[in-house]
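Subject: The structure we talked about

Hi,

Here is the structure I promised to send over. Have a look at it first, and then read on for what turned up.

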Amino acid sequence: MRSKDRISYFYDGDAGNVYFGPKHPMKPHRLCMTHHLVLSYELHKKMEVYRPHKAYPVELAQYHSPDYVEFLQRITPDTQQLFPNEMDKYKLGDECPVFDNLFDFCQIYAGGTIDAANRLNNKFCDIAINWAGGLHHAKKGEASGFCYINDLVLGILELLKYHARVLYIDIDVHHGDGVEEAFFFTDRVMTVSFHKYGNSFFPGTGALKDVGEREGKFYAVNVPLKDGIDDKSFLSLFKTIIMKVVECYAPGAIVLQCGADSLAGDRLGSFNLSIDGHAACVRFVKQLNLPLLVTGGGGYTKQNVARCWAVETGVLLDTELPNAIPDNDYMEYYAPDYLLRYPTSRMENLNSKRTLDRIMKQVCENLSSIQHAPGVQMHEVPPDFYISDSDEDEQDPDERVTDKMQDKQIQRDDEYYTDV
């Protein structure tokens with residue numbers, strides 16, 4: 001048992017300032033709102049706060065097609081009409097629009113997840129948080145579901161340099177299809193996704209029978225659910241399945257995608273989880289005491305997303321947050337009650353106990369097909385492209401630190417502290 005977890009938290013306000021468009025449900029502004037709750041509850045004082053580096057194109061191409069990365073880098077709102085074939089090829093358009101600073105946005109959120117993985121790999125922290133990350137739908141050569149670069153895949157690839165097995169858990173209301181697809185044929189990553197399935201709900205994948213193929217058979221776990229699932233049903237399923245997964249798979253590290261569109265009242269989701277129910281999943285995974293990389297994901301009622309991720313930051317810090325929201329720059333969004341928690345709805349839970357028991361039984365049977373945790377020959381570890389920071393304890397205090405090096409490291413005063 002670790003005595004006290006060391007937490008690294010990644011944030012760059014520029015990621016929260018991009019704009020997908022007036023009618024688009026994705027509002028990155030929710031990241032600024034989350035961060036200001038973190039500040040107002042003074043959680044930043046209990047963890048190391050970093051601005052992530054902007055991931056280089058060569059880093060993004062560790063998974064993504066170089067031609068796709070290059071196109072994202074050069075396309076702009078003013079030039080997109082000149083490239084109709086490429087826009088169609090890379091699935092850019094209404095759902096995944098081209099907006100100002102698109103590539104910077106991708107570099108920031110992907111850089112945060114890569115940096116988080118690097119800090120975990122180098123044992124500079126026990127838990128790393130990047131709420132800007134978790135864009136789980138992006139494919140190798142195309143955008144999908146508001147996602148352009150799959151930071152989760154890139155983070156997992158970093159973790160695989162140091163860990164024989166990585167477990168990926170996804171509690172977004174949408175299936176984590178991009179991550180599953182990336183690792184569908186390998187036993188070195190187990191993907192576990194709890195999501196709505198059926199009635200043509202996006203992305204339409206993630207059936208119970210989809211379990212991976214070839215060396216990856218039974219290393220993809222899908223938990224397809226119907227509308228209205230509540231805390232009690234969800235947590236019972238989640239805890240049982242995750243315990244069985246960890247017992248069978250023995251991962252060396254965990255990546256947890258905390259999409260908040262599984263909360264009650266989400267603009268696009270149809271589950272009925274409370275913030276405390278959602279956060280209970282985070283608490284359960286934290287208590288497994290494995291290196292843990294936590295990201296955001298979906299979430300389209302932005303004040304509830306901010307509430308949820310602030311509470312979950314508190315959970316990761318073993319800090320209970322008072323329900324009354326402290327004064328911050330976004331108070332008007334929490335009117336009229338100005339409270340952290342809000343009631344769930346009275347919607348019907350369409351997931352019968354019989355159906356959930358059947359799902360649990362099938363998942364456990366599939367996991368039993370794994371004889372033991374797969375062994376892997378760990379060769380020489382390839383170098384990290386970018387290490388965001390060396391361990392502060394090992395730095396020579398007499399060595400001159402340049403402004404640029406300092407800027408890469410910890411808190412920027414105007415962004416992270418309220419007492420400027």
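This is a predicted model: local features need pLDDT of at least 70, side-chain atom pairs count only at pLDDT 80 or more; totals for chains, interfaces and linings use all residues.

Besides Glu 158, the buried set includes Asp 151, Leu 152, Val 153 and Leu 154. Gly 155, Ile 156 and Leu 159 belong to it too. Leu 157 also sits in H6, but this residue is partly exposed, with a relative accessible area of 27%. Setting aside neighbours within four places in sequence, Leu 157 is in contact with Gln 62, Tyr 63 and Phe 183. Tyr 63 is 94 residues away from Leu 157 along the chain, yet their C-alpha atoms are separated by 8.4 Å.

Now for the overall picture. The protein chain has 420 residues, and 58% of them are buried. Its secondary structure comes to 13 helices and 8 strands. If you take the contacts between residues at least 6 apart in sequence, 79% of them join residues at least 24 apart. The accessible surface is about 18000 Å², and carbon and sulfur atoms account for 49% of that.

Inside, the largest nonpolar core holds 136 residues. Those with the most contacts within this core are Leu 92, Tyr 148, Met 190, Phe 194, Phe 234, Phe 238 and Ile 241. Helix H5 (residues 102–121) supplies the largest share of the core, with 11 residues.

Not counting residues up to four places away in sequence, Ile 241 touches Val 192, Phe 194, Val 221, Val 223, Met 360, Val 363 and Leu 367. Ile 241 also takes part in a helix pairing, between H8 (residues 231–249) and H11 (residues 353–368). The two helices pack at an angle of about 5°, with their axes 10 Å apart. That angle makes H8 roughly parallel to H11. On the H8 side, the contact is made by Ser 233, Ser 236, Leu 237, Thr 240, Ile 241, Lys 244, Val 245 and Cys 248. H11 contributes Leu 356, Met 360, Val 363, Cys 364, Leu 367 and Ser 368.

Back to charges: the structure holds 16 salt bridges. One of them joins the side chains of Asp 5 and Lys 286, at 2.5 Å from N to O. This pair links distant parts of the chain, 281 residues apart: Asp 5 is in the segment before strand E1 (7–10), while Lys 286 is in helix H9 (residues 275–286). Both Asp 5 and Lys 286 are buried. Through salt bridges that share partners, Asp 5, Lys 286 and Asp 318 form one network.

Another salt bridge brings together Asp 67 and Lys 89, at 3.3 Å from N to O. Asp 67 lies in helix H3 (residues 66–74) and Lys 89 in helix H4 (residues 84–89), so the pair ties together parts that are 22 residues apart in sequence. Asp 67 is partly exposed at 34% relative accessibility, and Lys 89 is partly exposed at 48%.

Last, some backbone details for your checks. Most residues other than glycine have a negative phi, and most peptide bonds are trans. Here, a cis peptide bond joins Phe 202 and Pro 203, with omega about 0°. Pro 203 lies in the loop between strands E5 (189–196) and E6 (220–225). The bond from Ala 335 to Pro 336 is cis too, with omega near 0°, and Pro 336 lies in the loop between H10 (302–316) and H11. Tyr 338 is found in the loop between H10 and H11 and has a positive phi of about 55°. Lys 123, in the loop between H5 and strand E3 (127–130), has a phi near 60°. Lys 123 is exposed, with a relative accessible area of 62%.

Definitions and conventions: Residues are numbered from 1 along each chain as its sequence is written. Side-chain values use heavy atoms; hydrogens and water are left out. Helices (H or I, at least four residues) and strands (E, at least two) are DSSP runs, numbered from the N terminus. Buried means under 20% relative accessible area, exposed over 50%, partly exposed in between (1.4 Å probe, protein chains only). Contact means heavy atoms within 4.5 Å. Accessible areas come from the Shrake-Rupley method with a 1.4 Å probe; for residues, only the protein chains shown count as cover. A nonpolar core is a set of buried Ala, Val, Leu, Ile, Met, Phe, Trp, Tyr and Cys residues joined through side-chain atoms within 4.5 Å. A salt bridge is a side-chain nitrogen of Lys or Arg within 4 Å of a carboxyl oxygen of Asp or Glu. Axes are lines fitted to C-alpha atoms, for helices over the stretch in contact, and angles run from 0 to 180 degrees between N-to-C directions. Angles under 35 degrees count as roughly parallel, over 145 as roughly antiparallel, 65 to 115 as roughly perpendicular and the rest as oblique.
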